[in-house]
Amino acid sequence: MAFLQLSATPKTLIPKSYVPSSASRAFPSTLSTRSLSFPQLVSRKSKPKSSAITCSTPTPATDRLISAVAYTLPFFNSLQYGRYLFIQFPKLGLLFEPLIPLLSLYRSMPYSSFVAFFALYLGVVRNPNFNHYVRFNAMQAVTLDVLLVLPLLLQRIFSPGRAGLGYKLMVWGHNGIFVFSVFCFVYGLVNCILGRTPYLPFVADAAGRQL
């Protein structure tokens with residue numbers, strides 16, 4: 001009977017080292033913790049490599065000069081919109097008197113606006129020898145010059161006359177276009193002299209899509 005009782009409940013002898021304790025189940029081994037923390041050490045070391053310091057190079061003087069001269073094309077063509085302001089405020093014309101010799105020379109050449117337009121568009125905008133800075137500024141000047149033609153076409157189509165509401169709207173429109181064109185010229189000229197990229201309102205997006 002004693003033999004049967006011993007054989008009914010056999011006991012397997014398992015070493016204690018093979019029995020996982022509750023502490024080992026709750027906390028992983030030091031090898032596993034090292035293997036888990038190893039990618040973090042690698043990522044920390046690789047962070048300084050990914051962060052690169054970029055230094056902006058200054059814009060050459062020739063690129064600034066070409067970009068600044070490009071904005072004179074829409075500015076000269078927009079002076080005709082300021083005649084109502086010059087009549088209303090005669091002293092305003094004194095600010096533009098130094099430009100009269102250049103303007104007279106520009107007007108003396110036949111088809112000067114068309115020649116300057118295609119020279120700027122084909123010679124600068126579509127010329128891959130110039131960098132993006134010069135081509136973008138030239139494209140802004142060309143786009144602004146094209147937009148200045150649209151009010152003249154509308155004026156010839158509707159012919160507002162010399163009096164009435166249509167004439168007042170035409171005068172207000174001419175004054176607004178002239179002020180806007182002068183602002184674009186001064187803003188573009190100053191930024192090009194400083195080597196910065198001017199972004200003209202209503203013009204920069206259209207010019208950027210053409211490049």
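Begin by selecting residues 105–124, where the chain is 85% helix and 0% strand and where the end C-alpha atoms lie 22 Å apart; helices here are DSSP runs of H or I with at least four residues, strands are runs of E with at least two, and both are numbered from the N terminus. Before going on, note that this is a predicted model, in which local features need pLDDT of at least 70 and side-chain atom pairs count only at pLDDT 80 or more, while totals for chains, interfaces and linings use all residues. Residues are numbered from 1 along each chain as its sequence is written, and side-chain values use heavy atoms, with hydrogens and water left out.

Select 136–158 next, and you will find 96% helix and 0% strand, with the end C-alpha atoms 34 Å apart.

Now colour helix H9 (132–147) and helix H10 (residues 149–158), which pack at an angle of about 10° with their axes 4 Å apart; the axes are lines fitted to C-alpha atoms over the stretch in contact, and angles run from 0 to 180 degrees between N-to-C directions. That angle makes H9 roughly parallel to H10, a term used for angles under 35 degrees, whereas those over 145 count as roughly antiparallel. Show the side chains of Asp145, Val146 and Leu147 in H9, which meet Val149, Leu150 and Pro151 in H10, a contact being heavy atoms within 4.5 Å.

Move on to helix H4 (residues 61–70) and helix H11 (residues 165–194), whose axes are 8 Å apart and which pack at an angle of about 175°, so the two are roughly antiparallel to each other. On H4 the contact is made by Arg64, Ser67 and Ala68, and on H11 by Leu189, Cys192, Ile193 and Leu194.

Staying with H4, which residues are buried (under 20% relative accessible area, against over 50% for exposed)? They are Asp63, Ser67, Ala68 and Ala70, and seen down the axis of H4 they fall within an arc of 155°, so they line one face of the helix; the arc is that of the directions from the helix axis to the C-beta atoms. On the other side of H4, Ala61, Thr62 and Leu65 are exposed.

Finish at asparagine 175, which is found in H11 and is buried, with a relative accessible area of 12%. Leaving aside residues up to four places away in sequence, asparagine 175 touches Tyr81, Tyr84 and Leu85.

Note on methods:
Angles under 35 degrees count as roughly parallel, over 145 as roughly antiparallel, 65 to 115 as roughly perpendicular and the rest as oblique. Buried means under 20% relative accessible area, exposed over 50%, partly exposed in between (1.4 Å probe, protein chains only).
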